[in-house]
Amino acid sequence: MTELHLALLAGAPRHGYDIKHEHDAWFPDSRPLAFGQVYATLARLQRDGLAQVVETRTDGGPERTVYALTEEGERRLRAWLAEPAAAAGSGADEIVRKTIAALHTGIDVRGFVSRQRASHLRRMRELQRNPPGAGAAEQLVREHVIAHLDADLRWLELATELLPSSGQQQPLRTATERNNP
Amino acid sequence: MSTVELSGVSHAYGRTQALRDVSLTVAPGEVVAVTGPSGCGKSTLLLLAAGVLRAQSGRVVLTGTDLAGADEAARARIRRRSVGIVLQFGQLVPDLPVLDNVALPLLLEGHAPREARAAAAGWLDRVGLDVPPTTLPSELSGGQAQLAAAARALVTGPLLVLADEPTASLDTATGRQLLDLLVTSTTAAGGSVVLVSHDNAVAARADREVRLRAGSVVHEVALS
Amino acid sequence: MRTATVWLLARPRSAASRTRGRLVAAGTAVAGALTLAGLAVLRVPTVSWATGPDARPVAPDLRLSPLVTEAGLQPGVLTGLGLLVVPALALAWQALTTGSARRTTVLHALRLVGATPADLRRLAAADAGVLGLVGGLLAGPLYVALWLVLGAAVPPSARLLPPLDPRDVVSWPVVAVLAGLVAAAAGALSTRARRRRRVRLWWRLAGLVLAVVAIAAALQTREVGRATSVALLGGGLLLFLVAVLTAGSAWVRWRAWRLARSGRAVDVLTAAGLRGLSGAGGRTAGSVFVAGIALGIATQFATALLGDAYGDATVYVPGVALAATAAVLAVLVAIAAMTLAAADDLATTRRALASTAALGAPPAVLEQVQRRRLQVVTVTPVAAGVLLGTAVYPASLEGPGPLVLATLGVLGVAVLLVWAACRGVVRALRPRTRLAADPSSLRVA
């Protein structure tokens, strides 16, 4: 979840409440993010030098701390997106998180999709090569994984068709840009 | 020498630009998947590589011959000697029994009908099409026609097999078997295979994936 | 490709291709028999009345109708025979090219596996050449039958064909071989990818004018002599037909465009069907139009004869009958050609038809579409032809009254007959339509 918080911060400096809402908007059907988890993660990001406090607002209401990515944090985010999600097949929420984060932040979407496809296809290719002597049951397990990898790829295709340029709606502002507006 | 080499190829049907400045090189023994959404130019690319269509710009070199300098007869000869083509449909000659359809490239090449038919019967057996040899294409199901087309593509022992959605009308298991046969029997003899498909399982059979979108290459990655 | 392979691939196998073969042979046989008849007529010496009623250099052959012995009338008979040859050949050509869509499929499939253009030409030439030769051989017996009808069975004054002659036996094999060669050439030609070459409107007009001038000149037999007259008439007629037939497909496309604009389901489907068959449709429309002209001219003559303007009218009866028969046969052949094209179109578009049916178009609508398509290319052209035919040749010396009546009568009968023939054809095609619209056609072949 650390990198996902980095992605949520990549668009603009935000406070914890914004981050929660942004997350819930990105993943409308997932379990809503708990406030406690947001603040705990932000504290950890600050401790590791991945995020920094840029201002503290009090608009008549409660005090709110606004966080932004550090250059280190952005590097970390880019490194995360540069690596395709593991071609695990089932239960792989990681591919969903990465794709959505890539499409929202607009960080090298085409490259990300390409690497993810290649990674999945390579795994499918391996699985399609049945080792000699493999039993029917073993083969069926492989087929199950292949079918899920195929489903992942179809979803990825759909995602890139439906959200081709969302990166432009919310351009990533790097720390340097923020410091020199 | 590459089996087929397209460089900077563009093609349009009337006002529809099907391919824009596409380059693709297929090495001997290599299996390449050309993927992409419908209407991205995959099939056009295949027909250009086969010399069925002529590139409007750019260069296509097929088994060492620059197609720009080859007339229709020369392109046809290269095709029947060195290229096997499997399309989605509309490829078997109506009114010609399945056996003769499969033997066709050999017959056109001048082989004696008896030999040609014997070879054709062997390939029909290998692709697993079990119908009487006098069956007409109109009496076959879509999947059976596809198997017959695959047998015909392989009957000459081609240097290059071009397959457009070869498994589209087959069930998963039969499709997998056919794909295996197309790939293994071609590459074992040093031939190359270009698989055009939007099916990821077909793409996963390739050594390399070339992905097209709106007539241009968007990515090209090695899978092996 | 070995010769054995050529025969193997060219041999017809399906019922459809055998029917096609029979039609090609039949068309060639009819054309061959008529050519033999024409040659026989050309052999008859003619007499000329040019020098006046009291000076007859040669006595006419009284065993034959004056239509073939008089220098002024013989070209007319030859024209009638020529008019019959053209639709017979058109039928053969239509059968040979059976619907461009199916042919395109076959040629495409063969090219895909590496057949060179020369291979395709050899295959088509072998196929068509054999059919042409068979047709040419059948032309002999058919000519004998024709001779029995037009020569032996009628009284001498109405005979159009001279007695059988050793020269007929010589011309028969020559015609047969020629038919085979012409058919082979036509077959080879039919494999060429058709490039849509638009003939400029003004070239067409120029062709038409030239044709009319040539025909008019040909009718002045006295001045130009028999051989020139026949040559001019033949050339003019050919030019005229080509001009009319090429204009036909443009007209059909225009009709399709108009129908498509109406937006009614049947009209839109008919328009699509017409566009798909604009070549065959245009040829049919052209042939029917020319047949209409022949009918019109026959009507003129008949009216004049009934008015007894020429004295001994019976002399001209065989001529008028020949012209009328030619016209009716031409209409029938044109409809047969269109039917062939339509049946073939059914076979090639069965997927589209089946999905149209699957979308909810009832069989009656599909049949209605077929009927509309056939009627569009026949009813208007035949009517226009009849009107033009009666207007073009000022034969009637009487007042316009009887001619108008006769024209209206012939027009009504012709339109009604053509209309009924279209209905009959579609009715006959019903099993094929049903078969084509069957959901099993949705399978990929």
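**Domains, contacts and a sheet**

Author: In this predicted model, the C-alpha centres of domain 1 of chain A and domain 2 of chain A lie 26 Å apart. The domain assignment places residues 1–82 of chain A in domain 1 and residues 84–170 in domain 2.

Reader: How do you know how many residues of domain 1 of chain A are in contact with domain 2 of chain A?

Author: Two residues are in contact if their C-beta atoms, placed from the backbone, lie within 7 Å. By that criterion, eight residues of domain 1 of chain A are in contact with 11 residues of domain 2 of chain A. On the domain 1 side, α1 (2–10) and α4 (71–82) of chain A each give two or more residues. The largest share, three residues, comes from α1(A).

Reader: What classes of residue make up the side of domain 1 of chain A that touches domain 2 of chain A?

Author: That side of domain 1 of chain A divides into six nonpolar residues, one polar and one charged.

Reader: What does the UniProt annotation say about residues 6–78 of chain A?

Author: An unreviewed UniProt entry gives this span of chain A the annotation "domain: Transcription regulator PadR N-terminal". In the model, residues 6–78 of chain A are 51% helix and 21% strand, and the end C-alpha atoms of the span lie 10 Å apart.

Reader: Which elements of chain B each supply at least two residues of the side that touches chain A?

Author: The same cut-off of 7 Å between C-beta atoms applies to contacts between chains. Here 10 residues of chain B are in contact with 11 residues of chain A. The elements of chain B that each supply at least two residues are α7 (200–203) and β10 (216–222). By class, the chain B side has six nonpolar, two polar and two charged residues.

Reader: Why are β2 and β5 of chain B called edge strands?

Author: The open sheet of chain B has four strands in the order β2-β1-β4-β5, with antiparallel pairing. β2 (16–26) and β5 (65–66) of chain B are edge strands because each pairs on one side only.

Reader: What makes β1 and β2 of chain B a pair?

Author: Two strands pair if DSSP finds at least two bridges between them. Strand β1 (residues 4–13) of chain B and β2(B) have seven bridges in the antiparallel sense, so they meet that requirement. B:V4, for its part, stands opposite B:V26 in β2(B). Helix α1 (residues 42–49) of chain B lies across β1, β2 and β4 (57–62) of chain B, running at about 125° to β1(B).

Technical notes: Residues are numbered from 1 along each chain as its sequence is written. Chains are lettered from A and ligands numbered from 1 in the order in which they are written. This is a predicted model: local features need pLDDT of at least 70, side-chain atom pairs count only at pLDDT 80 or more; totals for chains, interfaces and linings use all residues. Domain bounds come from an automatic or database domain assignment. Ala, Val, Leu, Ile, Met, Phe, Trp, Tyr, Cys and Pro count as nonpolar, Asp, Glu, Lys and Arg as charged, and the others, Gly among them, as polar. UniProt positions are given in the numbering used here, feature names are shortened, and annotations may be inferred rather than shown by experiment. Axes are lines fitted to C-alpha atoms, for helices over the stretch in contact, and angles run from 0 to 180 degrees between N-to-C directions.
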